Amino acid sequence: MPRLSFNNAIYQINLKKEHLWERSYLLVKCAELHLEEEYRLYQVRLWNSFLGVFCLLHTLITILHCTMLLLTCPHTHLILIDVGIYFFSSCFVLTILSVNFCEKFAMRHSWITYVSSVIAAFVLVASDIFQGTYHYHVHDWALETFYDTYIIFLIYMFMPIPVMSGALLLGVTVSVVYITYFAVYIATVYYFDISRPKNYGRFSVDVFDHVCFNLLGMFFRIMNDIVVRSSFLDRHQYIMEKIWLRNARRQEKLVLHSIIPPQIAKPIQDDIQNRLARKERELAAIRSPRVMENIMAIQIHPEVSILYADVVNYTQLTTTLDVERLVRLLHELFGRFDLAATHFNVQRIKFLGDCYYCVAGLMRPDPDHAKCCVDLGLSMISHIQQVRREHDVDIDMRIGVHSGSVIAGVIGEAKLQFDVWGIDVTIANRLESTGSAGYVHISASTLNELNPSEYTIIPGTDSALEDPVLTKNNISTFLLSTEFSPYSSKRSTENFDLRTNMAMRGRPDLYSTKDDVINEELRQEFRMMPVSSFKPGKIFSWRIRDQSNDLLYSEVTKFCLVFRDSQLECKYLHSPDYMFKYSMLLAWSIGCSLAYIQLMTVNPDLLLIAIVLDVVVLTCLTILLFIAWYSKICWVRYGTNEDNEHRFSKLSCWIFHTCGKIQRSFSLRIFIYLFIICAYNSVVSIILMGCNRNEFEIMHIESKLYHYDVDTDMCFHPWVITNVVALIIAMSFAFTSIPFILKIIVCLLMTMIHLVIIFFQFEFIFHHSATTSPFFPAEYAHSLLLVITFVTLYLKERHAEFTNKVNFKVFKLT
């Protein structure tokens, strides 16, 4: 990757972490991992959650708006049509969009989301414009639109449109419709004659408003997609690591249990974990005197059967076969024995050279322990005969089985060894050594545990009668063979395929393909991903919440979503902001638009001050934008190959370090955020300063008395100010990696200040501006628009903050 030089030192431009937060990378990564389908399903749930927020929000807005109209209008009959239009259009919109809550139906018919969103948006647009057009033609009353910015926010933030280009097309179309309505009905009556070329600049102010709101909507949409996809990939990685770890532990456990029985393995594992814990606490230097005692796990098993097996003519094989062929032969043979032992529930203890011995009833009590051992012995004879035929070697098996009790345990410290001891173990060994090739040599105690009708039984060997150990313990012996009993032959000559045998043992996940199991678990986990708490089925019911949403109620505050654990909140706030460059790009674009709006609307007497202020603000924003994007430009220009070295100037190195410091510094991000918001508000302040309230009031009164038009340049246009403030509030919520509570405070403060300006400082000007319904006080319309903007953006940002905090809590800290 490119390197940079600073004070004769070489550093690397490492943008890999930033690259992880780029939408192009996230799209490619989801496609590579084949997660698009699961992401689409999650997106349906997520947008339904957003839609649930909208249903609640729009219901409250409609009730509030209609109530204010009925309470404030002195001529109620004139606004009944307005109330009816707002009420029935809201009911229709909510009904149309509610189809999307049927997730299965919406997923089968994806066009439903597009059609319902388009219909809902244009029903609101049509009701808004029809109401204004009706009063314009019937009562000669030009009215401002009420839903314009609200519908744009709705399209980008709440409408279940999965494709961004679809949302952009719908948002731009709605803006074009509103701009056309403004030019035809509003501008000509209240502001200027649109047909005059000199007024095109004033008309462009409204165009810039809509451009900015669409930019903000797209930014919210893109940032939401980045955060959700990043969270989705984090969830995938988290699940895969959990599955891999669980499978590794299961494999480790199964391997351990194949050597040591579970009841003995458990205390050994606990002892090892305790020793590791003591070492982590720096106590490993003090050797515990009980370590040996803990490792020596000894247990008595009173009812078991022991099988000893030995390969006949093994010594001759070592002289006739080369080492590699001999090892392969033993590996195949003992592999078959291990599978057979697993099938018959027999625990293999170990093998020494050509000797193989095992115990039945050791891992768990088994009343058929003798039968399991005998059937295993017959199976082993059958297998070795098959190997003899396939490899043309002269080998056979001599097997001894005895039932009794054993002492089993683990000895050793540096290297653990599991083994069994007892007189019955010795007897089984002697039965093997005195047995006959091709037969299972059993004792009378073993025969007593069997059903004689299932086997062909013949007397034991003469060697057994002369053996001192067997004679001393009064052991009578018998021989079993695969040649006589059809039942035992069928049972013992089964071929044990690895996968089939494991499936019969109830452990299909050990050797079989795990893709189906993993994919199903991934799907289950993705279905549990959080989508915040706003969902119609949960808002109006007492049903138990999803486990994934417990974070919202147990670990964070409800209104501000602040972690109750201050240390956790501090870690979250100080996490790097890798999307800082996108926030700066939006801030610069909005800043340029606000500067243009200011120059088009400011009093000519303050034009010079406005220009100076705009130059200073835009210069600062341009510098910050350059710093934020410089490393990305260098990364793209000089490539991402690690072997590619490029020596940068000291200025470039300083820019790299400055950008990195801003991304990592919580205080610097707060300072930049507050600076930008203050710079935006200074634009509004300059426009307000250029208004002479007293002169405007006198001129307005005289215009009514003497019937002439008021000079529109004398003061600001109230709806321009309100739209600009709504834009700044939206921008305040849009900034990434800024504390949610700070955003709330800043936006609430701006809303309150502007309400004071509307109702007290410039009450006369706002009162005599265009309103949204007949006899509805214009200052109420302005204040209602600001309150709706604040509440809408608060609810949307609350969703984003919830997703961020769940993602941070569940994945970033694990």
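Good morning. The model is predicted, so local features need pLDDT of at least 70 and side-chain atom pairs count only at pLDDT 80 or more, while totals for chains, interfaces and linings use all residues. Residues are numbered from 1 along each chain as its sequence is written, and side-chain values use heavy atoms, without hydrogens and water.

I begin with the cores. A nonpolar core is a set of buried Ala, Val, Leu, Ile, Met, Phe, Trp, Tyr and Cys residues joined through side-chain atoms within 4.5 Å; buried means under 20% relative accessible area, with a 1.4 Å probe and protein chains only. The largest such core has 142 residues, and Met584 and Phe733 are among those with the most contacts inside it. Leaving aside residues up to four places away in sequence, Met584 touches several residues, including Leu621, Ile672 and Phe735; contact here means heavy atoms within 4.5 Å. A second, separate core of 40 residues includes Leu317, Phe337, Leu378 and Met380.

I turn to the rings. Rings of Phe, Tyr and Trp (its six-membered ring) pair if their centres lie within 6.5 Å; planes under 30 degrees apart count as stacked, over 60 as edge-to-face and the rest as tilted. The count comes to 24 aromatic pairs. Why is the pair of Phe334 and Phe337 tilted? Their ring centres are 5.8 Å apart and their planes stand at 40 degrees, so the pair is classed as tilted. Phe334 and Phe337 are both buried. For Phe563 and Tyr572, the centres are 6.1 Å apart and the planes at 75 degrees, so that pair is edge-to-face. Both of these residues, Phe563 and Tyr572, are buried. Finally, ring pairs link Tyr86, Phe146, Tyr147 and Tyr150 into a cluster.

Conventions. Buried means under 20% relative accessible area, exposed over 50%, partly exposed in between (1.4 Å probe, protein chains only).
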